[in-house]
Amino acid sequence: MLIGRKVTVLGAGVAGLAVARALALRGAEVTVLEQADAIREVGAGLQISPNGARVLHALGLGEALAAAGPQAEAIELREGETGKRVTRLDLARLRPGEEYRLLHRARLIELLAEGARAAGVEIRLQSRVAEVMLGPHPPRLKMLKGEEIETGLLIGADGLQSRVRRALNGEGRPFFTHQVAWRTLIPCDDAEPKVAQVFMGDGRHLVSYPIGRGLRNIVAVEERQRWTAEGWSHRDDPRSLLAAFEEFCPQVQDWLEAVKEPWLWGLFRHRVARVWQGRGAAILGDAAHPTLPFMAQGAVMALEDAWVLAASLAEAQSDAEGLAAYQAARRGRCEAIVEAANENARNYHLSGPARVIGHLALRTASAIAPGKILGRFDWVYGHDVTAPRK
């Protein structure tokens with residue numbers, strides 16, 4: 001147990017709030033510092049696959065998850081231009097009893113924030129950090145207003161621009177993948193099938209699924225040479241999104257005609273951090289392993305990190321031992337998931353003969369052994385970080 005252990009978490013996103021609850025449930029005294037004036041999310045949907053759902057259940061948030069969004073019935077891959085189905089993976093039949101949830105990111109943040117507070121976590125808003133100082137002494141934070149804070153154990157859940165990652169690893173240099181993504185929500189009927197659909201085209205693809213409460217999530221990705229800024233806060237003209245997918249099928253066109261406010265961001269590759277912990281600090285989530293959005297594992301990896309970090313600290317004789325065990329348990333798995341996401345990006349954007357052969361192979365496999373297609377990722381979805389360790 002971590003009774004009385006003082007922990008400071010930077011960032012009130014998925015990673016920060018999940019690790020805060022996981023630590024507080026084990027007795028730690030946890031403070032979360034969030035630079036924003038409120039815990040909020042821009043409009044976006046996400047998927048929680050079974051490996052993430054297991055963590056939320058272990059954290060005592062299973063009922064909240066079930067109320068947050070619908071259970072996915074199936075995954076479909078379709079040709080973008082014609083809408084013709086390439087393959088359908090019936091989750092209820094192929095993976096009975098496993099939980100795949102479709103929900104608004106804001107609802108996940110909300111249930112995690114409520115769970116953290118219920119466990120005794122203090123969340124301090126408008127807490128802007130100017131500098132992270134690690135050394136032989138306990139970690140210290142220099143705040144934007146000038147004061148300094150000694151943190152106890154410091155956990156960086158502070159995202160792509162993580163100051164804690166920088167303190168542990170030095171400066172990194174992400175590179176533009178020559179892909180951009182639009183993210184938006186449109187109205188939908190909650191009676192629509194709960195199916196995640198991927199429409200694949202030459203150099204582009206579009207993913208869409210209902211997330212409950214009258215909303216449908218859309219993520220559209222296009223290859224382009226010109227640079228686009230990283231980050232989710234860049235608005236774009238709906239006509240640009242329509243133009244990028246003007247050759248796609250009528251179903252996609254109908255969705256895009258309903259878009260009022262798309263958000264555009266450039267997709268950058270960041271290396272998985274070499275150093276995840278040391279000198280009284282650790283990183284998790286996007287701070288440790290930013291990933292491209294082609295495996296729906298960004299939030300789920302953060303949940304897994306949170307559980308493993310808290311469990312490793314609780315089981316160890318010292319923070320140093322626990323933090324080392326955490327990095328050893330997580331780094332290799334996260335590197336493999338990030339690479340799988342990179343590979344999906346290539347598969348979704350095939351053109352010419354490669355596309356014909358690839359889609360034919362998927363159709364054949366779907367007809368003969370659909371379970372094998374989904375089984376390719378059993379190492380991802382079937383993993384359970386909450387299971388007792390041997």
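How many disulfides does the structure hold? The structure holds zero disulfides, a disulfide being a pair of cysteine sulfur atoms within 2.5 Å. This is a predicted model, in which local features need pLDDT of at least 70, side-chain atom pairs count only at pLDDT 80 or more, and totals for chains, interfaces and linings use all residues. Residues are numbered from 1 along each chain as its sequence is written, and side-chain values use heavy atoms, with hydrogens and water left out.

**Cysteines**
- The sulfur of C188 lies 17 Å from the closest cysteine sulfur, in C249, which is too far for a bond.
- C188 is buried, with a relative accessible area of 14%.
- C334 is also buried, at 0%.
- Buried means under 20% relative accessible area (1.4 Å probe, protein chains only).

**Core**
- The largest nonpolar core has 106 residues.
- Such a core is a set of buried Ala, Val, Leu, Ile, Met, Phe, Trp, Tyr and Cys residues joined through side-chain atoms within 4.5 Å.
- Its largest share, 12 residues, comes from α9.
- Among the residues with the most contacts inside this core are L23, I48 and L112.
- L112 touches V14, L17, A18, L56, L61 and L303, leaving aside residues up to four places away in sequence; contact means heavy atoms within 4.5 Å.
- A second, separate core of 20 residues includes V180, A220, L241 and V259.

- Helices (H or I, at least four residues) and strands (E, at least two) are DSSP runs, numbered from the N terminus.

**Cavities and a pocket**
- On a 1 Å grid over the protein atoms alone, a cavity is a set of points where a 1.4 Å probe fits but cannot get out; a pocket is an open set with protein on both sides within 12 Å along at least five of seven lines; lining residues have an atom within 4 Å of a point.
- The count comes to two cavities of 30 Å³ or more.
- The largest cavity holds about 40 Å³ of space, and its lining includes Q47, I48 and R101.
- The second largest cavity has about 30 Å³; F268, H270 and N342 are among its lining residues.
- The second largest pocket has a volume of about 390 Å³.
- This pocket is lined by 18 residues, with R165, E171, G172, R173 and P174 nearest its centre.
- Helix α6 (residues 163-169) gives the most to that pocket's lining, with three residues.

Conventions: Grid points are joined across faces, edges and corners, and a volume is the space filled by probe spheres set on the points. Buried means under 20% relative accessible area, exposed over 50%, partly exposed in between (1.4 Å probe, protein chains only).
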